[in-house]
Amino acid sequence: MSAALLGFGRVSAAGLQCGKRLEPWASGPLALKAGMFSDTPFPRFGRMDPLCKVAVAAASLALRDAGARVPDGAEIAQAGGTGHGCVLVDGTYEDSRAKGAASPASFVYTLPSMYLGEIAIRFGLRGRCALLTGGPLAGLSALVTGVRWLEQGRASAVLVTAAEAVQGTRVATSMLLARDGGGRFAQAAFRVPPDARLLDGDDIGVLYDAPPGVVGARAAGQEFSLRVLDARE
Amino acid sequence: MAVFLSEYRVVLPGGVYDAAGLHALLCEGRSLLQPDGSHPAMTFPERAPGHATRLARQALADAVPDALVVGTTKGELEPWLEDRTRPQGPGALLSGLGCDARIVRAVSTACASGAQAVIDAAELVQDGDATDAVALGVDALTPFVTQGFASLQALSADGARPFDRERDGLSLGEAAAAVRLRAQGGGARLVGWGGSNDANHISGPSRDGSGLALAIRRALAGHDPASVVAICAHGTGTRYNDAMEAKAFRAVFGTPPPVFGIKGALGHTLGACGVIELIAASEVARTGIAPPTARCRNPAPDCELDVVRGEARDVGRGLVLSTNSGFGGINTALLVDWGAA
């Protein structure tokens with residue numbers, strides 16, 4: 001499996017990362033504001049649920065990192081991955097419902113795929129979309145799926161965004177990948193053992209770390225990794 | 001490369017149906033909806049937590065495919081509604097299913113989740129990542145969901161009327177459905193699929209239908225649009241969805257083939273509808289008979305479609321298209337035909 005990495009963005013407790021540039025948090029909890037990653041007004045951002053906010057921020061940074069290399073939005077597909085989905089806004093909405101005043105503003109975000117829609121609206125991305133969920137390796141599955149789409153000619157560019165928003169944690173990694181090389185990163189190589197079980201299992205943990213390399217995944221008794229080579233020109 | 005479809009199971013409040021049974025039910029033109037537009041499952045009878053998982057188990061039966069792809073909007077919610085420390089969502093449903101498939105995963109793309117599961121399963125088979133795959137769509141009705149749609153004022157006052165002049169909203173339903181996909185076989189074949197995003201509105205369809213048209217064109221790549229004999233539309237019965245679909249169909253086909261929808265009969269089954277509608281479409285491809293659109297009495301002038309209504313219609317054998325759309329602007333299109341091995 002291989003693909004060209006055109007842009008990389010990441011949001012975590014360590015800060016905002018756009019390609020190799022990391023802007024660490026000064027201190028305190030992660031309180032995302034649109035002005036941290038966007039130079040243009042973004043009034044919608046304030047209405048989004050925590051999962052959408054962290055995912056949209058990471059995607060914005062990935063597309064900013066890609067700069068002029070971003071293809072036409074009609075050609076950009078999206079593969080998303082989230083293990084916990086929208087559990088935070090599920091709780092917010094359920095609280096409103098239990099009080100007899102179900103909140104429509106919260107309800108629309110009670111779908112884990114909504115961040116793909118917010119990213120599509122913000123950047124005009126009209127390609128195919130899939131959101132993989134339900135297990136701790138959903139982000140990894142999204143990455144493998146996105147690269148598959150490129151390999152098989154199902155898309156010429158894919159924005160892969162893995163995101164989690166749970167109590168006390170907000171983290172997202174986004175990568176703009178393309179079939180054709182020539183990005184500021186050299187060819188990214190992904191290796192997955194043929195017998196790797198990519199999905200679910202209580203004994204599997206996933207690590208989104210090691211910037212600007214991307215994703216490592218560790219399974220009990222075996223280690224498999226997806227590594228984006230750091231070879232910026 | 002086409003992917004072959006078989007072993008259909010549709011779990012509805014009245015029983016479990018195979019493809020021919022579903023087709024016969026739909027061709028009767030009856031509706032499961034009650035006179036006030038509600039669905040039998042909306043009364044929330046006393047039931048043990050884990051209803052979505054039980055529905056999914058019924059649809060999966062004893063199948064142990066190489067890959068299982070579950071399409072669902074909310075997965076299993078009920079234990080979490082009682083106790084927020086309990087697992088919830090698609091992950092809880094996958095765990096509860098306990099399927100021994102080598103690859104087990106969930107996709108969630110709002111009301112296109114079932115169709116997306118079919119696409120994902122087809123690509124696992126097509127790429128040789130799985131020898132066979134089951135695509136399963138499921139969602140259970142809970143107060144969480146019904147009151148949410150009510151808060152959006154999306155529910156019909158007296159039952160969904162897809163493509164009807166007096167349509168005023170959707171009716172929710174509850175179901176699970178499964179289909180097995182293989183690289184080889186006979187009978188119904190999935191010969192094309194496509195997806196897109198409207199990039200327009202977070203909870204409403206694009207007004208011009210261009211996003212869905214894009215998905216349909218992607219599904220039709222390499223096929224003559226004139227060979228499509230019928231369309232199984234998403235057809236929720238909301239003003240905007242049905243009008244949007246009509247625009248998309250006209251943009252792609254000029255004069256679209258006959259259109260039918262099943263949500264007036266079964267309600268909107270959310271994550272299950274994409275799989276059920278694929279099964280309905282595959283039966284139309286097999287028989288050449290399109291079922292009527294239950295509860296559509298007077299076709300809407302703003303849709304300008306040839307809606308199959310009243311009774312089933314002989315549309316002839318050929319390609320049949322099935323479309324779905326969901327919150328977040330996601331569109332899918334599946335294309336089936338019936339052919340020899």
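In the predicted model, B:Leu270 occupies the loop that connects helix 9 (263–266) to helix 10 (273–287) of chain B. Its backbone is marked by a positive phi of about 55°, although the residue is not a glycine. Most residues other than glycine have a negative phi. The relative accessible area of B:Leu270 is 4%, so the residue counts as buried, the cut-off being under 20%.

A positive phi is also found at B:Phe163, again not a glycine, where the angle is about 60°. B:Phe163 belongs to the loop between helix 6 (143–151) and strand 6 (175–182) of chain B. With a relative accessibility of 0%, B:Phe163 is buried. Among the residues touched by B:Val307 is B:Phe163; the others, leaving aside residues up to four places away in sequence, are B:Val259, B:Thr293, B:Cys296 and B:Arg313. B:Val307 itself is placed in the loop between strand 10 (289–290) and strand 11 (313–314) of chain B, and its relative accessibility of 3% makes it buried. Although B:Val307 and B:Pro162 are 145 residues apart along the chain, 9.4 Å separates their C-alpha atoms.

Helix 6 of chain B contains the buried residues B:Phe144, B:Val145, B:Thr146, B:Gly148, B:Phe149 and B:Ser151. These buried residues pack against elements of both chains: helix 2 (87–98) and helix 3 (104–107) of chain A, and helix 3 (78–82) of chain B. After helix 6 comes B:Gln153, with a positive phi near 55°.

The contact between the chains involves 51 residues of chain B and 45 residues of chain A. About 3800 Å² is buried between chain B and chain A, with carbon and sulfur atoms accounting for 54% of this area. Of the area that chain B buries against chain A, 16% comes from B:Phe144, B:Asn197 and B:Ile202, more than from any other three residues. B:Phe144 is also one of the buried residues of helix 6.

B:Pro13 is located in the loop between strand 1 (3–12) and strand 2 (15–17) of chain B. Its relative accessibility is 44%, so B:Pro13 counts as partly exposed. When residues up to four places away in sequence are not counted, B:Pro13 touches B:Leu32, B:His39 and B:Glu174. For B:Pro13 and B:His39, a sequence separation of 26 residues corresponds to a C-alpha to C-alpha distance of 9.3 Å.

Over the whole of chain B, ten helices and 13 strands are assigned. The radius of gyration is 18 Å, close to the 20 Å given by the globule rule for 341 residues, and chain B is therefore as compact as a globular protein of that length. Along the principal axes, the C-alpha atoms fill a box of roughly 55 × 45 × 40 Å. Buried residues make up 66% of the 341 in chain B. Among contacts in chain B with a separation of 6 or more, 80% are between residues 24 or more positions apart.

Technical notes: Residues are numbered from 1 along each chain as its sequence is written. Chains are lettered from A and ligands numbered from 1 in the order in which they are written. This is a predicted model: local features need pLDDT of at least 70, side-chain atom pairs count only at pLDDT 80 or more; totals for chains, interfaces and linings use all residues. Side-chain values use heavy atoms; hydrogens and water are left out. Helices (H or I, at least four residues) and strands (E, at least two) are DSSP runs, numbered from the N terminus. The radius of gyration is taken over C-alpha atoms; the globule rule is 2.2 Å times the number of residues to the power 0.38. Buried means under 20% relative accessible area, exposed over 50%, partly exposed in between (1.4 Å probe, protein chains only). Contact means heavy atoms within 4.5 Å. Buried area is the accessible area (1.4 Å probe) that two parts lose on being put together, summed over both.
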